[in-house]
Structures are given as structure tokens and as C-alpha cells.
Amino acid sequence: MLAAQSYPTLTEAAQDLGIHQSAPAIQINRLKRDLGKVLLERAEHCRAMKLAPFGEKVIAAISTVQGQIESQP
């Protein structure tokens, strides 16, 4: 989800990351199922995908944990 959020579509994310087109969607759907909330609002018509409010909270939590890990000696 961290990598995919900077792309307008999951297809473009997969292409740039060199993974199968369905891989990001599968992983995001698993997270959605496990966490019970929508993480991404999918791209529609001329609108790029974007984080849902809960997805923003998840990204913020991941960033906090990453910062804590990186600050450890």
C-alpha cells in the first residue's frame, strides 16, 4: 500500500514495480478484509485513486513505526 499510494492506478503501480498487475489489488483487498475498512478509493473516470480516511491513518501508523525502527541503534 505504501508503494501503490503514489500512483494514479494500481495497474501503473504494478507496472512500475515490476509485479503482476493483480498483485497490488490482491494485497490491498486482503488488508481491507483483515482490517475491516476501506483503504483506497479506486481510480474512476479521470480521477486517480487516493487513500481513504482509514488508509491515511494506516499510512501514518506505518510511517511512525518505520521512524521508530530507523532511530534504533
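**Surface, fold and helix 1**

The chain exposes about 5300 Å², and carbon and sulfur atoms supply 55% of this area. Accessible areas come from the Shrake-Rupley method with a 1.4 Å probe; for residues, only the protein chains shown count as cover. The model is predicted: local features need pLDDT of at least 70, side-chain atom pairs count only at pLDDT 80 or more, and totals for chains, interfaces and linings use all residues. Residues are numbered from 1 along each chain as its sequence is written, and side-chain values use heavy atoms, leaving out hydrogens and water.

Three helices and two strands make up the secondary structure of the chain. These are DSSP runs numbered from the N terminus: helices are H or I with at least four residues, strands E with at least two. Along the sequence the pattern reads α-α-β-β-α. The C-alpha atoms fill a box of roughly 45 × 25 × 20 Å, taken along the principal axes. Of the 73 residues, 23% count as buried. Buried means under 20% relative accessible area, exposed over 50%, and partly exposed in between (1.4 Å probe, protein chains only).

Helix 1 spans residues 10-17, and Leu-10, Ala-13 and Ala-14 are buried in it. Seen down the axis, the buried residues of helix 1 fall within an arc of 95 degrees, so they line one face of the helix. The arc is that of the directions from the helix axis to the C-beta atoms. The buried residues pack against helix 2 (23-35) and strand 1 (40-41); contact means heavy atoms within 4.5 Å. The face turned away from the buried side carries the exposed residues Gln-15 and Asp-16. Just after helix 1, Gly-18 takes a positive phi of about 70 degrees.
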